[in-house]
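Dear colleague,

Please find below the structure that I am handing over to you.

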Amino acid sequence: MDWFGRAKIAFTHSPSPLTLQRRDGSVTDLLKVCEATTPSCQLNPLLFNGDVQTMWTAVKDHGPPIYYRRKIFNADHKTYTGTFSVDFAVDPHQDVDESLPPRTAFFSEEQFANIGSQDSRPMLVVLHGLSGGSHEVYLRHAIAPLVMDGDDWEVCVVNARGCANSKVTSGVLFNARATWDVRQVINWARVTFPNRPLFGVGFSLGANILTNYVGEEGANCPLKAAIAVGNPFDLEIANKALQRTALGRLYSRVMGSNMKRLINTHKDAVLKHTNLDFDKIQTVTYLHEFDREVQTVTWGYPTENAYYRDASSSDAVLAIRIPFLAISALDDPIAVREAIPFQEFTQNPYTVLLTTSLGGHLSWFEMGGGRWHARPICSFLKHMATEINLDSISPNINGNQTQTQFKTDFNPMRRKLQILSD
């Protein structure tokens, strides 16, 4: 046990971390930036392990009062049709819409028509965890220092389809590889705010989606840097870990119930737009059972394990070509230690893995109710936005290359090893 809530911090990284140029012309590297922006991790000693930390999230916590305005986006992909919602952090307002999460209202047409700007304020795009939304406490703790303390940041949260009181308007539901909506928002932001440096942060399932997105984009990624918090990385390993213990099955039951409740909320749309067996979904108890009845049917995976293997983001780490920080707690009972791709982080100079010995799943509760993860997230983002010459970062540096006996090509985003012919 770590002494009196004092968590140990460790960094896993390439032997030659990405070189970064400061705005004053001096040189540093990604590891040094991560180390300098990571504070000591002193957690509540009464919440002495990952299970207690994680369970404490059920205790009522109002969290920072972040206000939002929502815009419904029409998907621009010819296959992934429908709509999704994006919540933008704004100044406090009184016209809260009771049909939306707390402190949230829709943009008027006029307000959104005038949202474009030539300013150079840094902008953060956020992805939440499973069945969550912009209202989640862990998320609001993380962005509050950027939007409430006078810092010059813009923040928006991409809500997964059907989450956060958004509607389901097509047969396209979200999954752990659903990178299309965040891609559309980031491309839209690059056009609408051409001078803003864009950053990304994802939590839990959203961290897995963000990692996949950044890997898919590779050297063409529009983001200047990204952070993945509590990423399960290897979903098959994480799922098996949940089924192995009584507490794991409890977490899986809670998550399965949350997902079933989400489907029930959108019953009419599900019956209209999908071929899902609604009655069979009502028999679901655990998360993997939900994925068996929903994800495999929706996307054509033969089993939920095939879905987990395909949607996992562990290999995507190898394809990342922007500064990337992952934050994980080694005692996380949901995004478990065994699923963290430690070796992959040592092979990619663009990536650094920050681990804490305590913290649970998206918890990291400090004395007084604060959440430690907010501090390294905001410190890293602020440092990158204000101290680093972002235009000097090259996306073309290769990771550590292994000499192979045969002529082969491993593409991490193809997730298959291909033997090349001469």
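Three cavities of 30 Å³ or more are counted in this predicted model. On a 1 Å grid over the protein atoms alone, a cavity is a set of points where a 1.4 Å probe fits but cannot get out, and residues with an atom within 4 Å of a point are its lining. Grid points are joined across faces, edges and corners, and a volume is the space filled by probe spheres set on the points.

The largest cavity holds about 300 Å³. Its lining consists of 20 residues, with L130, L205, P232, L235 and L287 nearest the centre. Two or more lining residues come from each of α7 (235-244), α8 (246-265), α11 (287-293) and α13 (304-311); α7 gives the largest share, four residues. Helices (H or I, at least four residues) and strands (E, at least two) are DSSP runs, numbered from the N terminus. By class, this lining has 15 nonpolar, four polar and one charged residues. Here Ala, Val, Leu, Ile, Met, Phe, Trp, Tyr, Cys and Pro count as nonpolar, Asp, Glu, Lys and Arg as charged, and the others, Gly among them, as polar.

The second largest cavity has a volume of about 180 Å³. Of its 17 lining residues, L127, N159, A160, A178 and I209 are the closest to its centre, and α5 (180-192) and α6 (205-217) are the elements that give two or more.

The largest pocket (an open set of points with protein on both sides within 12 Å along at least five of seven lines) has about 1300 Å³ of space. Its lining has 44 residues, and T57, S131, E136, Y138 and N258 lie nearest its centre. The largest share, eight residues, is from α8. By class, the pocket lining comprises 21 nonpolar, 16 polar and seven charged residues.

Turning to strand β7 (residues 83-90), seven of its eight residues are buried, so the strand is largely enclosed by the rest of the structure; buried means under 20% relative accessible area with a 1.4 Å probe, protein chains only. Strands pair if DSSP finds at least two bridges between them. β7 runs antiparallel to β6 (residues 67-74), with eight bridges between them, and T83 is the bridge partner of N74. β7 also pairs with β10 (residues 154-158) in the antiparallel sense, over three bridges, where F88 stands opposite C156.

Residues are numbered from 1 along each chain as its sequence is written, and side-chain values use heavy atoms, without hydrogens and water. As the model is predicted, local features need pLDDT of at least 70 and side-chain atom pairs count only at pLDDT 80 or more, whereas totals for chains, interfaces and linings use all residues.

With kind regards

Terms used
Buried < 20%, exposed > 50% of the residue type's maximum accessible area, 1.4 Å probe, protein only.
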